[in-house]
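Please keep the sequence and the model at hand while going through the numbered points.

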Amino acid sequence: METEGWDSGQVYVRSVFPGEPNSRANQNTVQELYDFIQNFRDGNVFLYREQLRSNLSVNRPYLKVDLQDITNYDAVISQKIVSNPTEILAMFEEAAYISAKNMSISPEDDQKPIPKIQIELVSKDTVLSLRDLNSAHVSKLVCVSGLIIGASTLSSKATFVYLQCKNCKHIKIIPVAGGYSGVTIPRICDKPQTQDAEKCPLDPYEIIPDKCIFVDQQTLKLQESPDFIPVGELPRHLVMSCDR
């Protein structure tokens with residue numbers, strides 16, 4: 001039986017735990033997105049590099065990107081964004097932040113902290129009707145049209161919760177996913193216990209609000225466009241959670 005190289009003295013590594021991050025693949029993706037921001041050109045103009053520089057000069061920390069430009073530059077990256085937008089957009093914003101750090105608007109800007117950059121995607125792809133959304137579109141990037149008929153008041157949502165043990169002062173920072181997701185506070189202190197140390201009681205953690213990180217959040221109610229409503233039927237609605 002052929003071993004196909006398994007006994008050739010090389011080291012083989014495979015992720016066995018669910019959710020184990022592939023840091024090398026993530027770094028490669030960030031580098032590819034950074035190269036896109038730096039090198040994509042429209043004629044003789046470096047479109048997104050100059051847009052980012054212009055926005056930073058007027059304190060507008062965002063970058064508006066056309067998805068078709070990403071497809072023309074690298075179709076693989078574009079497909080990654082469509083199929084896994086939550087993770088890839090976070091890497092895209094990291095790449096934009098690195099690009100912003102490497103830009104020097106003026107000598108005084110070297111002393112200013114660089115804000116986090118928000119990526120705004122625009123697309124001219126085929127617009128889906130709210131009636132056409134199904135399970136195949138869950139966690140995917142889709143383009144829909146409609147009318148905003150309701151909006152909640154602006155609220156704050158924690159993205160990182162800062163916890164401190166009331167007994168031993170152990171610090172724990174927990175990330176919070178987007179949307180309507182929440183966070184579960186551990187009931188047992190995570191600090192390694194020594195033989196002489198006093199054991200922390202149950203439910204020892206308390207939230208330190210001043211050290212948590214928040215973003216703006218708003219709930220919008222989207223009604224499907226009149227063009228997509230069949231004759232004789234009522235319009236359908238979709239509730240959206242918008243961060244930042």
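1. Lysine 169 lies in the loop that runs between strands S6 and S7. The model under review is a predicted one. In it, the phi angle of lysine 169 is near 65°, a positive value in a residue other than glycine. Most residues other than glycine have a negative phi. Lysine 169 counts as partly exposed because its relative accessibility is 48%, and the label "exposed" is kept for values over 50%.

2. Asparagine 59, which is not a glycine either, has a phi near 60°. This residue belongs to the loop between helix H2 and strand S3, the latter covering residues 62-66. Is asparagine 59 buried or exposed? Its relative accessible area is 65%, so asparagine 59 is exposed.

3. Helix H2 spans residues 47-57 and contains both glutamate 50 and arginine 53. These two residues stand three apart, about one turn of the helix, and they form a salt bridge whose closest N and O atoms are 3.9 Å apart. Side chains of opposite charge can pair when their charged atoms come close. Both partners are partly exposed: glutamate 50 has a relative accessible area of 36%, and arginine 53 has a relative accessibility of 29%.

4. How many salt bridges does the structure hold? There are five. One of them joins arginine 131 to glutamate 233, with 2.7 Å between the closest N and O atoms. This pair links distant parts of the chain, since the two residues are 102 apart. Arginine 131 sits in the loop between strand S4 (118-122) and strand S5 (146-151), whereas glutamate 233 sits in the loop between S9 and strand S10 (237-243). Glutamate 233 is partly exposed, at a relative accessible area of 42%. Arg131 and Glu233 also belong to a network of salt bridges that includes Glu224.

5. The loop between S9 and S10 also holds isoleucine 229. Its relative accessibility is 22%, so isoleucine 229 counts as partly exposed; the class of buried residues ends under 20%.

6. Another salt bridge is formed by the side chains of aspartate 190 and lysine 172, at 2.7 Å from N to O. Aspartate 190 is placed in the loop between strand S7 (171-175) and strand S8 (205-207), and lysine 172 in strand S7 itself, so the pair ties together parts that are 18 residues apart in sequence. Aspartate 190 is partly exposed at 40% relative accessibility. Lysine 172 is likewise partly exposed, with a relative accessible area of 24%.

7. Alanine 197 is located in the loop between S7 and S8. With a relative accessibility of 39%, alanine 197 counts as partly exposed. Alanine 197 and cysteine 168 are 29 residues apart in sequence, and their C-alpha atoms are 9.3 Å apart in space.

8. Strand S6, residues 155-165, contains cysteine 165. Is cysteine 165 buried or exposed? It is buried, because its relative accessible area is 0%. The separation of cysteine 165 from cysteine 200 is 35 residues in sequence and 8.2 Å in space, from C-alpha to C-alpha.

9. Which residues make the nonpolar surface patch of about 340 Å²? They are Phe160, Ile171, Ile173 and Ile213. Isoleucine 213 is part of strand S9, which covers residues 213-224. Its relative accessible area of 46% makes isoleucine 213 partly exposed.

10. The last point concerns two helices. The axes of helix H1 (residues 23-39) and helix H5 (residues 85-101) come within 8 Å of each other and cross at roughly 55°. This angle makes H1 oblique to H5. The crossing of H1 and H5 is right-handed.

Note on methods:
Residues numbered from 1 in each chain as written. Predicted model: local features only at pLDDT ≥ 70, side-chain atom pairs only at ≥ 80, totals over all residues. Heavy atoms only, no water. Patch = residues over 30% accessible without salt bridge, like charges linked within 9 Å, V, L, I, M, F, W, Y side chains within 5 Å. Areas by Shrake-Rupley, 256 points an atom, 1.4 Å probe, with all protein chains shown as cover. Salt bridge = Lys/Arg side-chain N within 4 Å of Asp/Glu carboxyl O. Helix = DSSP H or I, 4+ residues; strand = E, 2+ residues; numbered from the N terminus. Buried < 20%, exposed > 50% of the residue type's maximum accessible area, 1.4 Å probe, protein only. Axes fitted to C-alpha atoms, helices over the stretch in contact; angles between N-to-C directions. Parallel < 35°, antiparallel > 145°, perpendicular 65-115°, else oblique. Left-handed = near helix turned anticlockwise from the far one by under 90°.
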